[in-house]
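Hi,

Here is the structure I promised to pass on.

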Amino acid sequence: MLSAIIEKENIETVEKLFSASEKIVIVTHVSPDGDALGSSLGLYHYLVGRGKKVQIIVPNAYPDFLNWLPGVKTIYRYDKKEKEAKEAISEADLICCLDFNTLSRINELAEPVRGATCKKIMIDHHLDPEPFCDVTISHPPISSTSELVFRLIYRLGGYEELSFQAAECIYTGMMTDTGGFTYSSNQPEIYTVISALLAKGIDKDVIYRRVFYTYSENRLRLMGYVLYEKMQVYPSFRSALICLSREEQKKFTFSKGDTEGFVNLPLQMKGIKFSVFFREDTEQNMIKISLRSVGTFPCNKVASEFFGGGGHLNASGGEFYGKMEDAVLLFKQALIKYESLLQIEEN
Ligand code: 5GP
Ligand code: MN
């Protein structure tokens, strides 16, 4: 049904590690998104089904719209349950690192994970994975880590037993990492996977509403404000920028996830192919940066060259430590440097 994208050798090694392990920890990246939680919980349900004792640990909070995911309440947040999380890591026979390619993406959780002596498996779809795991399953062309988790389970012969709960989690990760299958989702086999998940009884329309249509009044008002007052358009560079200060977030009683997807909004304008969103973080003293592009424009290059970050060709992120106006100046320098690429005509 599915082509064998994950190397046979890796499948065999993973099977040996799963068989030999009783206690398994799953970790995923800071500010976990739908794919981070979807892939972790998908694997969690599969492993629990195999009789394993599994603990998911995330560095910090996840958005409210993921609160319904089956099993989400069992997750430890490292910023709240450091002691319990450290204990789970020290007792683990195996650690699975999902949806990140470098330990810097799990913040303070990096230290205990690096220090753990058990075997580690990475399952991820970001470019240039760092070699901190014993097994690295890294496939950047794949839509999401959740799809990779499905492919892994399928190859391990676990599809028949795959539960409805696991299918809901995996579908959610695939859906969120592709913007509801509007980007990074042209490979025909994605739809084979979806079809196999639907066969488990999931309702994709209900999942869509749970994830995308459960916003608060505050979020919609903040969106209106951002579009009307804050969006800067640079037509000659086919680009747009939105900046949001801490005070503005406070005014709209910001809660985590309220600005999710705002960076995509300017791309709805004809001719715009690069969009950047700067948000003063409410927990740390930095500006969190999201970058999105359409077509061949490499926003991950801008992220790594200018904002110490990285990510995918069309969706990346970074951080800036300093004042908003200096971040804006850097953005303008990036536009000038990348002007010729921004001018390329595409569909
Ligand atoms: P978002 O804009 O949704 O926060 O992030 C989009 C993508 O950019 C993520 O899936 C991740 O691949 C990447 N990303 C976000 N923030 C960072 C960061 O600080 N560093 C790196 N290397 N990648 C990031
Ligand atoms: Mn992902």
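**Strand S1 and the rest**

Strand S1 (residues 23–28) is largely enclosed by the rest of the structure, because 5 of its 6 residues are buried (under 20% relative accessible area, with a 1.4 Å probe and protein chains only). This is a predicted model, so local features need pLDDT of at least 70 and side-chain atom pairs count only at pLDDT 80 or more, while totals for chains, interfaces and linings use all residues. Side-chain values use heavy atoms, with hydrogens and water left out, residues are numbered from 1 along each chain as its sequence is written, and chains are lettered from A and ligands numbered from 1 in the order in which they are written.

S1 has a parallel partner in strand S2 (residues 53–58), with 5 bridges between them; pairing takes at least two DSSP bridges. In that pairing, Val 25 sits opposite Gln 55 of S2.

Zooming out, the protein has 13 helices and 12 strands, which are DSSP runs (H or I, at least four residues, for helices; E, at least two, for strands) numbered from the N terminus. Of the 347 residues, 54% are buried.

On overall size, the C-alpha atoms fill a box of roughly 55 × 45 × 40 Å along the principal axes. The radius of gyration is 20 Å, which agrees with the value near 20 Å for a compact globule of 347 residues (C-alpha atoms; 2.2 Å times the number of residues to the power 0.38).

As for contacts (heavy atoms within 4.5 Å), 67% of those between residues at least 6 apart in sequence join residues at least 24 apart.

Cheers

Terms used: Buried < 20%, exposed > 50% of the residue type's maximum accessible area, 1.4 Å probe, protein only.
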